[in-house]
Amino acid sequence: MTATPSPAATDEPIFTWPDGYRAAASFTFDVDAESCVLAHDPASVSRMSLMSHQSYGPLVAVPKLLRILERQDVRATFFVPGFTAECHPDTVRAIVDAGHEVGHHGYLHEQMQGIDRETEARYLDRGLEALQKVAGVVPVGYRAPWWELNWQSPALLAERGFLYDSSLLDGDAPYRFTAPGTADTLIEIPVDWALDDWEQYAFYPGWTGSGVIESPVKARDMWQLEADAQHEQGGCWVLTNHPFISGRPSRARALEQLVEGVKALDGMWVTTLEDIARHAASVVTETRTHARYAVPGFPDTGITRDGRPVAS
Ligand SMILES: [Zn+2]
């Protein structure tokens with residue numbers, strides 16, 4: 001019996017990459033540390049062990065991950081909440097000094113659902129201020145806490161000069177989109193929950209996780225399979241890891257094996273999201289507009305049952 005070649009292998013790549021590349025991959029790290037726990041429940045500050053679970057990220061995992069990336073000669077993107085930068089300035093400066101990209105990830109990793117424009121603008125500005133003050137960074141990339149973008153978010157990002165967002169889940173490759181209500185556009189580099197370590201490993205009683213902690217071998221293999229498939233179709237593979245989760249010894253080792261596996265794919269451009277976004281901005285002319293669907297008559301859709309806007 002002979003193996004059947006995948007039809008996709010001979011197809012044109014779905015995206016135009018720089019000469020010599022047929023696909024792109026980026027290792028991204030969300031340095032949530034203590035912020036996501038405190039935003040969820042400020043009283044967590046009194047739980048010493050829970051806080052230590054989060055502090056493991058900036059204190060132990062980030063230095064380890066930086067060594068791996070240096071060994072592998074790979075530049076990565078680190079999304080850092082402003083509060084993390086203020087609590088762990090040396091860690092964030094070490095990331096910058098090692099040549100990696102630092103992106104915006106909220107101030108305190110705030111809950112984003114249902115917040116108004118002014119509140120969201122305040123979170124953005126406070127995060128910008130902290131990154132600038134601590135590490136002299138003016139980020140060009142944004143990843144919403146919990147990947148939870150609001151319809152108002154893109155305009156707020158465009159107003160502040162951001163080049164790209166990486167929080168939406170509706171693509172296999174970068175695209176350009178219009179910030180709703182404006183003429184401005186942003187580059188989107190989409191993500192996927194199947195390429196996030198939270199689902200595989202995160203567990204803390206009474207805080208998060210399913211109670212099932214997966215094997216690093218399983219996580220590595222499923223992420224490699226996705227990289228293989230994205231390489232084949234010429235797409236963009238974006239892995240999201242959290243240092244406090246994926247910096248544990250066997251997970252970090254599996255991650256380094258994954259870096260080797262992804263680098264070994266012929267023509268795979270392994271780089272930062274900023275590099276990918278700048279390239280996308282130079283080649284993508286078509287602009288996508290997100291449809292905002294609403295069911296008439298349902299609460300909070302702003303549309304009456306007969307299709308008219310609700311009078312305010
Ligand atoms: Zn996060």
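Predicted model: local features only at pLDDT ≥ 70, side-chain atom pairs only at ≥ 80, totals over all residues.
Q: What makes one side of α8 the buried side?
A: The buried residues of the helix are P216, A219, W223, A227, Q230 and H231. Because they cover an arc of only 100 degrees around the axis, they lie on the same side of α8. V217, K218 and L225, on the other side, are exposed.

Q: Why do residues three or four places apart point the same way in an α-helix?
A: An α-helix has 3.6 residues a turn, which accounts for this.

Q: What covers the buried residues of α8?
A: The cover includes β1 (23-30), α7 (198-201), β10 (236-241), α10 (249-263) and β11 (268-270). A contact requires C-beta atoms within 7 Å; by that criterion A25 is in contact with A227, as well as with W237, V262, M268 and V270.

Q: Which residues have the most contacts inside the largest nonpolar core?
A: They are A25, F78, V80, V102, L131, I189 and C236, in a core of 73 residues. Helix α5 (residues 117-135) gives the most to this core, with seven residues.

Q: How do you know that the radius of gyration of the protein chain agrees with that of a compact globule?
A: For 312 residues the globule rule gives a value near 20 Å; the chain has 20 Å, and therefore agrees. Of these residues, 41% count as buried.

Definitions and conventions. Residues numbered from 1 in each chain as written. Core = buried A, V, L, I, M, F, W, Y, C linked by C-beta atoms within 7 Å. Buried ≥ 20, exposed ≤ 12 C-beta atoms within 10 Å, placed from the backbone. Helix = DSSP H or I, 4+ residues; strand = E, 2+ residues; numbered from the N terminus. Contact = placed C-beta atoms within 7 Å. Arc of directions from axis to C-beta. Rg over C-alpha atoms; globule rule 2.2 N^0.38 Å.
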